[in-house]
Amino acid sequence: MAHANTRLTPAGRFVMVQRIGAGRPVAHVAAEMGASRTTAWRWWRRFQVEGRAGLVDRPSVARSHPRRTSPSVEARVRIARMLSRRGPVRIGYHLGLTASTVGRIPDGGGHRALGRADGRRDRRRGVGCDYVHTAIDDHYRLAYAEIHDDEKCTACAGFLTRAAGFYASHGITASA
């Protein structure tokens with residue numbers, strides 16, 4: 001779909017090809033329409049081959065994905081993530097894959113499963129982002145960490161309460 005400020009909507013493209021079809025030079029028509037000669041030639045050729053249907057926007061997604069990860073490998077990754085609760089480097093090493101192949105995929109799938117619009121909406125909500133809350137005792141070098149979906153007050157307060165309990169179970173008290 002053309003954006004709001006585009007010069008060449010499908011109707012504008014049709015006007016362009018009509019002018020070219022009337023015998024006007026492509027360079028002149030392109031200049032009048034505020035487009036390049038290359039763009040004008042592209043639309044003219046599409047119009048000659050496909051007619052008016054060729055003037056409609058096309059998706060820029062590749063028609064085939066020859067290097068896409070196979071469904072069986074995706075299933076192995078999902079199972080390994082669920083069972084081991086490890087990161088992409090460890091799972092990738094265990095399965096013989098690169099860490100980027102094992103990278104984070106939101107529950108329910110990414111944009112291939114949900115569509116581009118849903119994928120964008122999920123990204124704004126923070127799917128694909130984790131926040132690691134960490135507390136390290138500077139004397140004993142004992143660390144406590146949790147992974148959360150956000151860094152809001154309730155998550156931080158809960159983390160601090162659980163961290164204090166963890167350190168107390170190890171005989172370490174906090175002081176201000």
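Contact, as used here, means heavy atoms within 4.5 Å. The model described is a predicted one, in which local features need pLDDT of at least 70 and side-chain atom pairs count only at pLDDT 80 or more, while totals for chains, interfaces and linings use all residues. Residues are numbered from 1 along each chain as its sequence is written, and side-chain values use heavy atoms, with hydrogens and water left out.

The protein chain contains eight helices and two strands, taken as DSSP runs numbered from the N terminus (helices, H or I, at least four residues; strands, E, at least two). From the N terminus on, the order of these elements is α-α-α-α-α-α-α-β-β-α. Of the 176 residues of the protein chain, 23% count as buried, where buried means under 20% relative accessible area, exposed over 50% and partly exposed in between, with a 1.4 Å probe and protein chains only. Among the contacts in the protein chain with a separation of 6 or more, 33% are made by residues 24 or more positions apart.

Helix H1 (10–21) and helix H2 (26–33) are included in what covers the buried residues of H3, namely Thr 39, Ala 40, Trp 43 and Trp 44. These residues cover an arc of only 130° around the axis, which puts them on the same side of H3; the arc is that of the directions from the helix axis to the C-beta atoms. On the other side of H3, Arg 37, Thr 38 and Val 49 are exposed. The expected span of a helix is 1.5 Å times one less than its number of residues, and for the 14 residues of H3 (residues 37–50) this gives 20 Å, in agreement with end C-alpha atoms that are 20 Å apart. Helix H3 is followed by Gly 51, which has a positive phi near 75°.

The 12 residues of H1 should likewise span 16 Å, and the end C-alpha atoms of H1 are 16 Å apart, which agrees. The buried residues of H1 are Gly 12, Arg 13, Phe 14, Met 16, Val 17 and Ile 20, and what covers them includes H2 and H3. After H1 comes Gly 23, whose phi is positive, near 100°.

Phe 47, which is located in helix H3, is partly exposed, with a relative accessible area of 24%. When residues up to four places away in sequence are not counted, Phe 47 touches Phe 14, Val 17, Arg 52 and Leu 55. The C-alpha atoms of Phe 47 and Gln 18 are separated by 9.7 Å, although these residues are 29 residues apart along the chain. Arg 52 lies over the face of Phe 14, at 3.8 Å from the ring centre; a charge sits over a ring if NZ of Lys or CZ of Arg is within 6 Å of the ring centre and within 35 degrees of the ring normal.

Strand E1 (residues 131–136) and strand E2 (residues 143–148) pair in the antiparallel sense over six bridges, pairing being assigned if DSSP finds at least two bridges between two strands. Tyr 131 has His 148 in E2 as its bridge partner. The two strands E1 and E2 form a hairpin with six residues between them, and Arg 141 in the turn has a positive phi of about 60°.

The structure holds five aromatic pairs, counted if the centres of the rings of Phe, Tyr and Trp (its six-membered ring) lie within 6.5 Å, with planes under 30 degrees apart taken as stacked, over 60 as edge-to-face and the rest as tilted. Tyr 144, Phe 159, Phe 166 and Tyr 167 are linked into a cluster by ring pairs.
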